[in-house]
Amino acid sequence: MTEALTTAWEWITRAHGHLLIVDQVVIALAVVAFLARHRIRRWLQSHEAISRGFSSPFVRALLALGLIMLLGCRFNADGAFFHWSTHRDMFRSYSFFGILACGMTVVILTAGIDLSVGSILGFVGVVFAHMAIRWQWSGWLAIPLCLAIGAALGAVSGALIARFRMQPFIATLAMMVFARGLARYVTSNYKIGRNVILPDNTPFRYPNPPVFDLLDSKILWDNVHFSTLVMLGCFALTWILLTRLRVGRHIYAIGGNEEAARLSGVPTAAVKVFVYALCGLFCAVAGICFTGQATQGDPDAGFTYELTAIAMVVIGGTSLMGGRGGIGLTFLGVLIFGYLDKILSINGQGTEIRFMFTGLIIVIAVLLQRGEK
Amino acid sequence: MFPPPPLLRMASISKSFGGVPALVDAQLELRAGEVHVLAGENGAGKSTLIKILAGVHTDHTGTIELRGEPVRFLSPQEAFAAGISVIHQELSLVPPMSVVDNVFLGRERSGPGGWMRRAPQRRSCRGLLERLGLVVDLDRPVEEFPISVQQMIEITKALAFDAQIIVMDEPTSALTEPEVERLFAVIDDLRERGCAIVYISHKMDEIFRVADRITVLRDGRHIGTAPAAELPRDRFIHWMVGRELDEQIPHHTPHRGEERLVVEEFTVPDPGGRQRPAVDGVSLHVRAGEILGIAGLQGSGASELLGGLFGAFGRCTRGEVTLLGEPFIPTSPRRSIERGLALLTNDRKTTGLILGMSLTHNTTLASLPRHSPGLWLRHGAERACAARHMETLRIRATDPGMTVSSLSGGNQQKVVLAKWLETQPRVLLLDEPTRGVDVGAKHEIYELMNRWTAEGIAIVLITSELPELIALSDRIIVMHRGVITAEFAHGDVDQGRILHAAMGHREEHP
């Protein structure tokens, strides 16, 4: 038995010649933990405070994030992981998803779902590009208008769900297809950029709108992207909404037991419309940031983003059944998702590997979260 | 001479749910070719006994003998295979599937590779339907037929597998008069074929029309079995009630004030969309400081009456309601709460509480507009409010932040009561406030009700525990199939008269 183990160990170390000390320690710890799993479980049972801590979704999500960060330290791509710019870029490229995930969290807490977030992002993005580039409107005018458009589209989904009793999946699926079509219709399926050909066949270049410069800027001595700030602002707003405002309590109540909430005087229909409108508003925020960074409006922007946003919410530990979870969990979900992708990409892995890992991490995260009742 | 062994004998059956006994030493004996009525009040143990017979509950003690052979069913499939078929109130048909597919569901006749043999299936299905005198299109989905036809289809399903014992749980609750006649004709036919039928009903006339023998259960015990012809009605009622009044229940002292709620000709359509309204032209009134008791067996419409008054079904109700001297049209729970109404529903887990939320948040849920006017929540005020109610209602919880799902039934119920008290109601509608609550908590709830009426709240109380109803109510109205069949004053009533009225026997209004 001992011999077999020794041989196996030797085989492992030889097969991967560059196995570091840290790998060996991790493997040894994993083996010890596996062999002592019953003892660990018993120890946890006798220490109720600790086991209760482990059963909280927040601690579980934090642990998962910690593991991802350890992976990042191990596979640091010659120290790239330790550079702030890596983290800054991760935050930049995931800020759109983070903004969408805020709205998605609120919707999912009411036991709903919103599949239209990617499409609304795309539509609002091209509308904003048109206003800012072609019409050269000021940001002060264009941004509020675009936010209103996003909220209105969300409110339509919400009205279909609350008034006409459509299932959220169906109503927002319809909105997803419709908004994507709308984005292509208003752009005639072309990207809206600064370069155009005038009728007399001379190329013309619109000036870069100042609002784009703002949206693509870095602040705090080039250390943080503007869109990251916007994302953090969205998270803060959602946190206030869910924990400090009355409507937040109503959202949790509807997700927990809609009938009991209705009989307790919660205006369920109005809250649902509000929730989908808010989600649409966040989509508009993401669409504006997206266009600002790309300096053009792409009618196909945000394609499949809804699935990423849902995955982030679920990885964080918010229940798709509604009523359980929170915005803090979603923030961890965004970080887990973002860092996993970033670590794989700085190590030179292509999308094929990244997609497969993403699928795996969703399964693992959901299995972990299932531990609680 | 020994008589032939009965078709089925259940003896010394006991079963408890979480320490609460539901059946104690119960028995049931069925002979071939008889209609056996199983009677008892709500919660007497009828459905538990049937579920044991049908193999739904398997962890019981006692013996079951089928044709003299001891059997023990470990699943509904085993019971079904042994020829026992239960037709539940909620039909177990698959609504969008066709008649013939439903009849053979789970027992499809198939050849090699699962290839369905449709033709013989249709032939035998048509034969069975003819036997029951039912002419329907075999390929239409069952959901397109009225409930009565669906019930017939369910019976067809039982016959298709040669069921010897057919249990019908309140089969007429959804039927109109002519449909009931058809059902009785079918029952007569089944009886002649040698089937044994267990018939559960709350309707006195029906029971004595259809029964060969009657078994009465009360509080999970077997009280008696007798041929229907030899059982006078008053003895039957006495068997069902039996209990002496519980002296422990504090008698309520009324503090009559002004009229709080006056209801004239109130009608609530059936929430399931059936033709017959759930509440049909009910009139009642209740004064400040008074407890109006409503008695009714299953399907009486009492719960729907309270729900309708509270606006739980929206604007579909008809009738004139006067609340606190002003006209009131029930539209939504939100409006009703604002006007001083509160409704404690009869199922706290599905309609009363949000189980995943904390005690504090559940307590303040219905009164948030008052607690936290404006946008912002006031966490401090909420915590203080929860702490106050924990103190006055004696809610036993370690921490107001714990989720209500981890509380005991009695404490959960007190949280719901606290939620409604916090809305400062003027009229409190209580639907089974002591259901699933231990004895100690029950008494605390009785005392609380007395305290609230002393404070001038008007209470409308539904409870299926008659001693409780009699002791607490200042007046009692009795409902049967959506209409009021009797009204009693405090002290001028006994359980037998209430039960008579609840089973459809009309008494003169005093």
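Student: Which residue stands opposite B:Glu326 in S15(B)?
Tutor: That's B:Leu323, which stands opposite B:Glu326 in S15(B). Keep in mind that this is a predicted model.

Student: How many bridges join S14(B) to strand S15, and which way do they run?
Tutor: Three bridges join S14(B) to strand S15 (residues 326-328) of chain B, and the two run antiparallel.

Student: Is B:Glu320 buried or exposed?
Tutor: B:Glu320 is exposed, because its relative accessible area is 59% and the cut-off for exposed is over 50%.

Student: Which residues form the negative surface patch?
Tutor: B:Glu320 is one of them, and B:Glu264, B:Glu265 and B:Asp280 form the negative surface patch with it.

Student: New topic, salt bridges. How many does the structure hold?
Tutor: Over all chains, the structure holds 30 salt bridges.

Student: Show me one in chain A. What does A:Asp216 meet in a salt bridge?
Tutor: The side chain of A:Asp216 meets that of A:Arg92, at 3.3 Å from N to O. The pair links distant parts of the chain, 124 residues apart. A:Asp216 is in the loop between helix H10 (210-215) and strand S3 (218-219) of chain A, while A:Arg92 is in helix H6 (residues 84-109) of chain A.

Student: How accessible are A:Asp216 and A:Arg92?
Tutor: A:Asp216 is partly exposed, with a relative accessible area of 30%. A:Arg92 is partly exposed too, at 26%.

Student: Over to chain B. What does B:Glu29 meet in a salt bridge?
Tutor: B:Glu29 meets B:Arg9 through their side chains, at 3.5 Å from N to O. That pair also links distant parts of its chain: B:Glu29 is in strand S2 (residues 20-30) of chain B and B:Arg9 in strand S1 (residues 8-17) of chain B, 20 residues apart. B:Glu29 is partly exposed, with a relative accessible area of 26%, and B:Arg9 counts as partly exposed at 34%.

Student: Which residues are linked with B:Arg9 and B:Glu29 in a network of salt bridges?
Tutor: B:Arg31, B:Glu34, B:Glu65 and B:Arg213 are linked with B:Arg9 and B:Glu29 in that network.

Student: And what about B:Glu422, which side chain does it meet?
Tutor: B:Glu422 meets B:Arg370 in a salt bridge, with 3.2 Å from N to O. The two are 52 residues apart, with B:Glu422 in the loop between helix H15 (409-421) and strand S17 (427-431) of chain B and B:Arg370 in helix H13 (residues 368-371) of chain B.

Student: Does B:Glu422 count as buried or exposed?
Tutor: B:Glu422 counts as buried, because its relative accessibility is 5% and buried means under 20%.

Student: Which residues make the nonpolar surface patch?
Tutor: A:Trp43, A:Ile50, A:Phe54 and A:Leu63 make a nonpolar surface patch of about 360 Å². A:Ile50 is found in helix H4 (residues 48-55) of chain A, and A:Ile50 is partly exposed, with a relative accessible area of 32%.

Student: One last thing, what is the phi of A:Ala111?
Tutor: A:Ala111 has a positive phi of about 65°, although it is not a glycine. A:Ala111 lies in the loop between H6 and helix H7 (117-134) of chain A, and is partly exposed at 37% relative accessible area.

Terms used:
Residues numbered from 1 in each chain as written. Chains lettered and ligands numbered in written order. Predicted model: local features only at pLDDT ≥ 70, side-chain atom pairs only at ≥ 80, totals over all residues. Heavy atoms only, no water. Salt bridge = Lys/Arg side-chain N within 4 Å of Asp/Glu carboxyl O. Helix = DSSP H or I, 4+ residues; strand = E, 2+ residues; numbered from the N terminus. Buried < 20%, exposed > 50% of the residue type's maximum accessible area, 1.4 Å probe, protein only. Pairing = 2+ DSSP bridges. Patch = residues over 30% accessible without salt bridge, like charges linked within 9 Å, V, L, I, M, F, W, Y side chains within 5 Å. Areas by Shrake-Rupley, 256 points an atom, 1.4 Å probe, with all protein chains shown as cover. Lys, Arg positive; Asp, Glu negative; His and termini not counted. Charge placed at Lys NZ, Arg CZ, Asp CG, Glu CD.
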